[in-house]
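Here is a short report on side-chain contacts in one protein chain.

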Amino acid sequence: MKLPHLLSFPGIGADDMGYISVVDQQDPPFEVKRVFWTYNTPETIVRGRHAHYRTEQVLLAVTGRIVVLTEMPGQEMQTFVLDRPDVGVYIPPCCWHTMQYSAGAVQLTLASTAYAEADYIRSYAEFRRVCSSQSR
C-alpha cells in the first residue's frame with residue numbers, strides 16, 4: 001500500500017536572481033493527466049474532505065501555507081505543512097484528505113486521472129467501509 005509522503009522538486013537558481021522548480025514526468029509516481037489550482041480560499045474554510053477510488057495526486061503550495069491532513073485505513077493520521085513551492089505531498093488512492101489554507105495560498109494539484117465525479121468518495125463512512133476492505 002502506498003502511503004502519503006513528501007516529494008521534493010529541484011529548485012534551480014540563486015537568491016539574487018530567483019528560482020524555478022520543474023516537475024518532469026519521472027518526478028510524480030504516476031503519469032499526470034490533469035493539473036488544477038485552488039486559490040482565494042478563506043482561512044476559515046477546510047477543503048477536501050474526500051478520498052478517491054483510483055486517482056493519485058501531488059499537492060503543492062505554490063505560494064502561502066497549506067496544512068494537509070491525511071488518513072489511510074489502519075494508519076495514524078498524518079499532518080503535512082506545505083510552505084515551500086519545491087515540496088509537495090503525494091496523496092494515494094483511498095486517502096482521506098483535508099486542506100486548510102493561509103491567506104493568499106495557491107495550491108497546484110497534479111492528478112493521475114481526468115476528472116470523474118464517480119471517482120470521489122465524499123462520505124467518510126463510505127471511505128472507512130470501502131478503503132478498509134481494500135487495505136486488507
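## A tyrosine pair

Tyr115 is partly exposed, at 48% relative accessibility. This is a computed value from a predicted model. Tyr120 is buried, with a relative accessible area of 15%. The cut-off for buried is under 20%.

The two rings make a pair. The centres of Tyr115 and Tyr120 lie 5.6 Å apart, and their planes meet at 50 degrees, so the pair is tilted. Planes under 30 degrees apart would count as stacked, and planes over 60 as edge-to-face.

## Other aromatic contacts

The structure holds five aromatic pairs. One of them joins Phe30 and Tyr90. Their ring centres are 6.4 Å apart, with 35 degrees between the planes. This pair, too, is tilted.

Phe30 and Tyr90 are both buried. Elsewhere, Trp96, Tyr124 and Phe127 make up one aromatic cluster.

## The disulfide

How many disulfides does the structure hold? There is one. The bond runs from Cys94 to Cys131, with an S to S distance of 2.1 Å. The angle about the S-S bond is -80 degrees, and the link is left-handed.

Cys94 lies in the loop between strand S9 (87-91) and strand S10 (96-101), while Cys131 is in helix H1 (residues 124-134), so the bond ties together parts 37 residues apart in sequence. Both Cys94 and Cys131 are buried.

A disulfide needs the sulfur atoms within 2.5 Å. Cys95 is buried as well, with a relative accessible area of 0%.

## A nonpolar surface patch

Which residues form a nonpolar patch on the surface? They are Val35, Trp37 and Tyr39. Together they have about 360 Å² of accessible area.

Val35 is placed in strand S4. Val35 counts as partly exposed, at 43% relative accessibility. That value meets the patch requirement of over 30% relative accessible area.

Notes:
Residues numbered from 1 in each chain as written. Predicted model: local features only at pLDDT ≥ 70, side-chain atom pairs only at ≥ 80, totals over all residues. Heavy atoms only, no water. Helix = DSSP H or I, 4+ residues; strand = E, 2+ residues; numbered from the N terminus. Buried < 20%, exposed > 50% of the residue type's maximum accessible area, 1.4 Å probe, protein only. Phe/Tyr/Trp six-rings, centres within 6.5 Å; stacked < 30°, edge-to-face > 60°. Patch = residues over 30% accessible without salt bridge, like charges linked within 9 Å, V, L, I, M, F, W, Y side chains within 5 Å. Areas by Shrake-Rupley, 256 points an atom, 1.4 Å probe, with all protein chains shown as cover. Salt bridge = Lys/Arg side-chain N within 4 Å of Asp/Glu carboxyl O.
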